[in-house]
Amino acid sequence: MEAFAPTSQLMNTNYEYTSTNLYGAFNKGNKQAALMKKMADAKKQREIEDDGIDAPPAVVETKGRLSDEELKKQNDLRRFQELLDSEATTANYNIGGDNYKTQQQEEEDIDAGQRGIDRLFEGDPAPVERFEDLINHTTGNALGKNGASRVVPWLNKNSSKQKDFLIVLSDPREKSSELRSALKNMSKMLTTDVLSRLIVINADSPGENRRFLRKNDIDNINVYSDEKREWMREYTVLGETRWAMCAMVLHDGRVEKIVRELDVELATQVIKSSIKSLKMDSS
């Protein structure tokens, strides 16, 4: 059994009006006012940094695909409004259905953007070069360009696979007890279809990963070593105050979903919910 609320409970359409939920609902106006102030402050700061040039509109019409730099800038300008409008930033913070972030994680995203922290956000381009340096736990060899093209869907030579998504779970801590607990849970609780799209990246050596996986009879999860933490640094998932697990969904060259400071007890459900959210976005 998963160490968090059952899916049936999380998916219950009869919303439970506890004192905490009611407080969140009544406090909605104050939260929105605070977020709007943060948006205004961030916009003002961006205008100062751009030598007083007004920021472009939040939604930009374009006929072609934006460049990575243009897309990231547009995402930065849109981010606060999107978070403000999101139902997840008002009263509903349960993990389940297509909701894959907690209230604290949503607010940390807002604060990080407002403070101009240099990290990847949802919608930003997904770097690919560092995938080539990841070490396969089975062979002990780096992926290289050919290996990376097999792991990263949009690099695949088979056009039918290029629109697929990739789930990445990372942890910069060596021999992380939280990551290992998550691996045990995921190997049993995620479907074969999901596991085939999942990779784990950690800072342990290939040999250490092989020993752990063999000892715990885990043979359905692909683990890659990033001992120098270069991939994690590129994806800004080392952590700003402490090292922690991070989960993300990559799709069509973009970081579609990202959850930092991932709770080990919620890891499996977060992955399920982020996939559901991605599919709803695409429908």
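Is E178 buried, exposed or partly exposed? E178 is partly exposed, with a relative accessible area of 27%, where buried means under 20% relative accessible area, exposed over 50% and partly exposed in between (1.4 Å probe, protein chains only). The model is predicted: local features need pLDDT of at least 70, side-chain atom pairs count only at pLDDT 80 or more, and totals for chains, interfaces and linings use all residues. Residues are numbered from 1 along each chain as its sequence is written, and side-chain values use heavy atoms, with hydrogens and water left out.

E178 forms a salt bridge with R173, the closest N and O atoms being 3.1 Å apart; the term denotes a side-chain nitrogen of Lys or Arg within 4 Å of a carboxyl oxygen of Asp or Glu. A search of the whole structure finds 13 salt bridges.

Another of these contacts joins D164 to R197, at 2.8 Å from N to O. D164 lies in the loop between α6 (144–151) and β2 (165–171) and R197 in the loop between α8 (192–195) and β3 (198–202), so the pair ties together parts that are 33 residues apart in sequence. Helices (H or I, at least four residues) and strands (E, at least two) are DSSP runs, numbered from the N terminus. D164 is partly exposed, its relative accessible area being 23%.

The side chains of R242 and E261 also meet in a salt bridge, 3.0 Å from N to O. This pair links distant parts of the chain, 19 residues apart: R242 is in the loop between α10 (230–234) and β5 (246–251), and E261 in the loop between β6 (254–259) and α11 (267–282). Both partners are partly exposed, E261 with a relative accessible area of 28% and R242 with 45%.

A network of salt bridges links R180, D204, E208 and R211. Among these residues, R180 and D204 also line the second largest cavity. On a 1 Å grid over the protein atoms alone, a cavity is a set of points where a 1.4 Å probe fits but cannot get out, and lining residues have an atom within 4 Å of a point.

The structure holds 3 cavities of 30 Å³ or more. The lining residues divide into 5 nonpolar, 3 polar and 3 charged; Ala, Val, Leu, Ile, Met, Phe, Trp, Tyr, Cys and Pro count as nonpolar, Asp, Glu, Lys and Arg as charged, and the others, Gly among them, as polar.

Conventions
1 Å grid on protein atoms, 1.4 Å probe; cavity = no way out; pocket = protein on both sides within 12 Å on 5 of 7 lines; lining within 4 Å. Points joined across faces, edges and corners; volume = space filled by probe spheres on them.
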